[in-house]
Amino acid sequence: MHLHEFQAKELLQRYGVPVPLGRVVRTAEEAGAVTYQDFVLNGIRAIVLKAQIHAGGRGKGQIVHADTGEPLTWNGSPVRGVMLAREGNIADKAYRLALQMLGNRLVTTQTGSAGRRVRYLLIEEVLPIAQELYVSITLDRSRNRPVLMVSAEGGMDIETVAAERPESIVRDHIHPLWGFQAFQARRIAFRLGLPNELITPFAELLQKLARAYEAIECNLLELNPLVYTTDGRLVALDAKLTLDDNALFRHPEYEPLRDVEEEDPLEVEASHYHLSYVKLDGNVGCMVNGAGLAMATMDMIQLSGGRPANFLDVGGAANVERIAQAFRIMLSDPNVRVALVNIFGGIVRCDRVANGIVQALQQVAVRVPVVVRLEGTNAEEAAQILHSSGLRFRVARSLEDAALQVQEALREAGALTEV
Ligand code: GDP
Ligand code: MN
């Protein structure tokens with residue numbers, strides 16, 4: 001589960017991570033009023049407005065008009081997802097900038113060309129930056145433990161740093177039982193070549209971050225940049241947290257942080273039925289049981305010249321209702337040109353799946369060919385149910401056969417790419 005920057009900062013602050021003074025607003029009027037009351041009246045002369053969307057690259061992103069898609073400008077320069085107001089009447093500037101940003105769309109390298117609608121702005125005090133650093137903690141699956149990555153070249157995207165100056169990234173792992181040790185934190189600080197007065201505060205901050213990562217139960221904690229200010233403070237200028245979905249059941253307090261408007265509507269709907277559904281950008285919908293079979297099925301689709309439109313795992317214990325919902329969700333993706341059902345009936349019996357499919361097909365108009373492969377427990381009964389439903393299916397006998405049928409159906413639909 002992704003969080004907005006302001007939510008991430010609020011959580012991190014509880015673990016002693018310093019963040020800039022900030023306020024969240026939803027309207028331009030609020031932006032103006034808050035800037036005046038909470039910043040100008042507190043002697044703050046410069047603020048930054050930051051669009052809150054679930055994607056990065058905002059600083060270089062472009063705000064476009066919500067309806068026309070036209071890029072917006074401010075005094076002749078592009079309106080970005082991060083804008084500074086630092087001279088003159090900053091409350092008035094905040095108001096006018098917020099008018100441009102809120103309700104419009106922000107396009108960044110991570111959003112796709114449609115961008116994301118900006119519904120919140122985070123207003124923060126501008127800090128005088130001496131140096132920008134990069135810090136992240138994420139799970140290193142190949143080592144089965146979290147990895148800390150730190151670089152003295154913050155501010156730019158870490159992929160670029162990793163490609164161009166890999167030696168500038170310092171890595172260290174967190175032992176699952178021992179935790180992150182003080183000596184490791186100091187070692188990282190030394191390896192980065194930080195000035196002496198920064199070694200201790202930086203090492204202490206790393207330890208706070210490691211504690212936060214574990215307590216919050218994240219997949220990713222990233223500060224880019226973490227800044228060293230000219231007045232000698234370390235502050236998280238940007239923060240990104242991705243919560244571990246598998247640990248969410250332990251954290252009912254995170255539920256209000258979910259922003260469903262930032263998520264794919266079909267994925268949100270699927271989660272109501274406890275279906276594992278991940279939208280992909282291909283044209284073959286695939287409904288499968290079990291993650292392994294899902295992977296194999298996606299490979300097979302790819303080999304037959306299609307591209308998976310989704311990853312839909314109905315799991316082992318699907319009932320008729322859930323199968324029907326899964327099928328309906330899969331078909332409601334407009335990119336789906338062919339639907340493939342590939343179920344190995346073990347605990348979930350094939351006849352139940354067949355009934356689910358038939359039930360779903362009675363509720364929704366099917367505009368695409370459906371290839372069905374049901375194998376395992378009660379496969380015979382399933383074939384009978386499909387046959388007597390009077391609906392049209394392409395029945396496949398094996399995985400290879402299913403691949404061929406998908407290929408054929410794609411060709412007929414004129415949606416086959418090269419094989
Ligand atoms: P991102 O582009 O989505 O990662 O958004 P960031 O929060 O990282 O902001 C992008 C850039 O805006 C930062 O790297 C800074 O250069 C600049 N920026 C953001 N806040 C401040 C600030 O308080 N002071 C200064 N001087 N620059 C800032
Ligand atoms: Mn950033």
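Which residues lie nearest the centre of the second largest pocket? In this predicted model, they are Ala379, Ala383, Leu386, Val395 and Arg397, out of a lining of 14 residues.

**The second largest pocket**

Let's stay with this pocket for a moment. The space inside amounts to about 240 Å³. Two elements, strand β20 (370-376) and helix α11 (379-388), each bring at least two residues to its lining. The largest share belongs to α11, with five residues. Sorted by class, the lining of this pocket holds nine nonpolar residues, one polar residue and four charged ones.

**How the chain is divided**

Now for the wider layout. The protein chain splits into domain 1 (21-125), domain 2 (129-254) and domain 3 (265-413). Between the C-alpha centres of domain 1 and domain 3 there is a distance of 43 Å.

**Around ligand 1**

Next comes the ligand. Ligand 1 has 16 residues around it, and the nearest of them are Lys50, Arg58, Gly59, Asn224 and Asp238. Domain 1 and domain 2 each contribute at least three residues to this shell. In terms of class, the shell is made up of seven nonpolar, four polar and five charged residues.

| Residue | Part of the residue | Distance to an oxygen atom of ligand 1 |
|---|---|---|
| Lys50 | N or O atom in the side chain | 2.5 Å |
| Arg58 | polar side-chain atom | 2.7 Å |
| Asn224 | polar backbone atom | 3.1 Å |

On its own, ligand 1 would expose 570 Å², and the protein buries 79% of that area. Strands β2 (47-51), β10 (129-140) and β13 (218-229) are the elements that give two or more residues to the shell around ligand 1.

**Two backbone details to look at**

Besides placing a polar backbone atom 3.1 Å from an oxygen atom of ligand 1, Asn224 is joined to Pro225 by a cis peptide bond, with omega near 5°. Pro225 itself sits in strand β13, one of the elements that give two or more residues to the shell around the ligand.

The other detail is at Asn144. This residue is not a glycine, yet its phi is positive, at about 60°. Asn144 is found in the loop that runs between β10 and β11 (145-151).

Notes
Residues are numbered from 1 along each chain as its sequence is written. Chains are lettered from A and ligands numbered from 1 in the order in which they are written. This is a predicted model: local features need pLDDT of at least 70, side-chain atom pairs count only at pLDDT 80 or more; totals for chains, interfaces and linings use all residues. Side-chain values use heavy atoms; hydrogens and water are left out. A residue is near a molecule or strand if one of its heavy atoms lies within 4 Å of it. A polar contact is a pair of N or O atoms within 3.5 Å; within protein, one must be able to donate a hydrogen and the other to accept it, and residues adjacent in sequence count only if both atoms are side-chain atoms. Accessible areas come from the Shrake-Rupley method with a 1.4 Å probe; for residues, only the protein chains shown count as cover. Helices (H or I, at least four residues) and strands (E, at least two) are DSSP runs, numbered from the N terminus. Ala, Val, Leu, Ile, Met, Phe, Trp, Tyr, Cys and Pro count as nonpolar, Asp, Glu, Lys and Arg as charged, and the others, Gly among them, as polar. Domain bounds come from an automatic or database domain assignment. On a 1 Å grid over the protein atoms alone, a cavity is a set of points where a 1.4 Å probe fits but cannot get out, and a pocket is an open set with protein on both sides within 12 Å along at least five of seven lines; lining residues have an atom within 4 Å of a point. Grid points are joined across faces, edges and corners, and a volume is the space filled by probe spheres set on the points.
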